[in-house]
Amino acid sequence: MESKAPSLLNAVPPYGHVITSEKWRNSSLIQSLKGGGVNILFENELGVADFHLPNKSCILYVSECDIIAGNSYKRKLVRYRNTSSSFQELVLVEKTRLSEQNFSAVQKFVVLDLGLTLLPVSGQTEASQLISQIVHGEGRENPFRRRSSSRLLDPKVLVLVQRVPGVGGVKALALLQEFSSVHQLCNAAPHELEPIVGQATAQQIHSFFHKATAAGT
Amino acid sequence: QSSSVSAPPVCILVDSRCLSGGSELMTSLRQRHAATLHVCSLDGSYFIVSNRTAVEKHSQSDLAAMQNRKRLAERVNSLQGLFERVCLIVEKDRSKPGEASRPFQRTRCYDSTLTALVSTGVRLLWSDGAEQSAGLLADLARLEQRKGQAISVPLEVKGSHRQQALQLYLGLPSVSYVHALSLSHNFSSIAQLINSSIEAIQKGGSMSRSRAEEIYRFLRYSCDSFMMNSSTAGKSS
């Protein structure tokens, strides 16, 4: 039963659609998804996952009943994790007054043991809101997407050199005009530093770089 | 089950800003979870639980408010530059004494923030209060310990010269407090680090290869072009 139609395990629904299995057809979750303008495709060879979403994520839904009934949902979670799909695997967990006391243990299992992503919902209505948010939010710019930081290193080098005791902005600039990198500056002899910053500071800089830091090792 | 007798206590670095209003969490970490804590000044209010993992804590209503989004995105971005793994503990809002706890109103902004965080690889953890948050921090630190990523150097740096060296290391690009701490303890002098190979930096800093490469390149970066045409640069910062 598990080797049926493996290609469908990685089926990505078109934009604005969700693929789910027949057992969800009459659920309130599907009804409110439809109400929210999400198109539903039914497919019975979906594997363990309950929903496939267009942003290449899939969802396993763990209900209040699953949690209270005991351990079989854990086996399902393990199978879900072990399915070698290219989807991002999400787990929606119903956190209700009844399942609340077990939530901690469920979270430990899902997040810390299995390394999956858990999102708590109070029930199918909240789940459908979250799912339609994922479906409709696809394609919008993600503010959390990491932008590559400024590649300009010069100011960073200048700031770093000013962390050497006795060296302020003016001296740092003068030093870097002569020794253009931290590496060169560190390996300059005191007599080479002296014409730029004077004897005392030259000595101070040299000993700052070369004095022992590690404790007794 | 998770707390085996032989495992050494977990070490956690805490930003000083976490102290205000966080005494319950700190006490619980120390007493119930026997964690070794060190309070230091990080670049934001967060926790470091291993060589590669930072944990920030936010209230549920924080994530639900649109006006917090930009700031949150900046925080997450900067943490992702410093750490391989970033976790967010989402803590239920505390109800004031005497006030009936209001059910949390889930907004569209909240859902889209969660979705965005998940798709950027931030790991989310859920907590009902300080006690549970402490448990999650300890669990994370223990998990990292089992994976060989625990903070293994002393959490303190003693002596003014060593403090100054630590401050210098913190000025290196993409170097977090825990990397700087490792560098301070593992290199006999600043010059030794500066003259080290990429492999030695990676090992001494308990960091990834790419981070070590970035440091190696930075130390040898030659900055003449900028210096020549900005005589005012020295006055800023």
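Which residues in α1(B) meet which residues in α5(B)? In this predicted model, B:E24, B:L25, B:S28 and B:L29 are the residues that α1(B) brings to the contact, and their counterparts in α5(B) are B:A130, B:E131, B:S133, B:A134, B:L137 and B:A138. When these residues are sorted by class, the contact of α1(B) with α5(B) comprises six nonpolar, two polar and two charged residues. The two helices span residues 23-31 and residues 130-146 of chain B, respectively, and their axes come within 8 Å of each other while crossing at roughly 45 degrees.

On the side of α3(B), the contact is made by B:R69, B:L72 and B:V76, whereas α4(B) supplies B:C109, B:S112, B:T113 and B:L117. The contact of α3(B) with α4(B) has, by class, four nonpolar residues, two polar residues and one charged residue.

Helices α6 (residues 160-170) and α7 (residues 177-186) of chain B have axes that come within 9 Å and cross at roughly 135 degrees. Angles over 145 degrees would count as roughly antiparallel, and α6(B) and α7(B) are therefore oblique to each other. Their crossing is right-handed. From α6(B), the residues B:L166, B:Y169 and B:L170 meet B:Y177, B:A180, B:L181, B:L183 and B:S184 of α7(B). The residues of this contact divide into seven nonpolar and one polar, with no charged residue.

Most residues other than glycine have a negative phi. By contrast, phi of B:S174 takes a positive value, near 60 degrees, and B:S174 is placed in the loop between α6 and α7 of chain B, the two helices whose axes cross at roughly 135 degrees. A positive phi is also found at B:S206, where the value is near 45 degrees and the residue is again other than glycine. The position of B:S206 is in the loop that lies between α9 (198-204) and α10 (209-220) of chain B.

For chain A, the description concerns the overall arrangement. The chain has 10 helices and six strands, and its radius of gyration of 29 Å is well over the 17 Å that the globule rule gives for 217 residues, so chain A is more spread out than a compact globule. Taken along the principal axes, the box filled by the C-alpha atoms of chain A is roughly 85 × 40 × 35 Å. Chain A is divided into domain 1, covering 17-137, and domain 2, covering 155-210, and the C-alpha centres of these domains lie 59 Å apart.

Note on methods
Residues are numbered from 1 along each chain as its sequence is written. Chains are lettered from A and ligands numbered from 1 in the order in which they are written. This is a predicted model: local features need pLDDT of at least 70, side-chain atom pairs count only at pLDDT 80 or more; totals for chains, interfaces and linings use all residues. Side-chain values use heavy atoms; hydrogens and water are left out. Axes are lines fitted to C-alpha atoms, for helices over the stretch in contact, and angles run from 0 to 180 degrees between N-to-C directions. Helices (H or I, at least four residues) and strands (E, at least two) are DSSP runs, numbered from the N terminus. Contact means heavy atoms within 4.5 Å. Ala, Val, Leu, Ile, Met, Phe, Trp, Tyr, Cys and Pro count as nonpolar, Asp, Glu, Lys and Arg as charged, and the others, Gly among them, as polar. Domain bounds come from an automatic or database domain assignment. The radius of gyration is taken over C-alpha atoms; the globule rule is 2.2 Å times the number of residues to the power 0.38. Angles under 35 degrees count as roughly parallel, over 145 as roughly antiparallel, 65 to 115 as roughly perpendicular and the rest as oblique. A crossing is left-handed if the near helix is turned anticlockwise from the far one by less than a right angle, and right-handed if clockwise.
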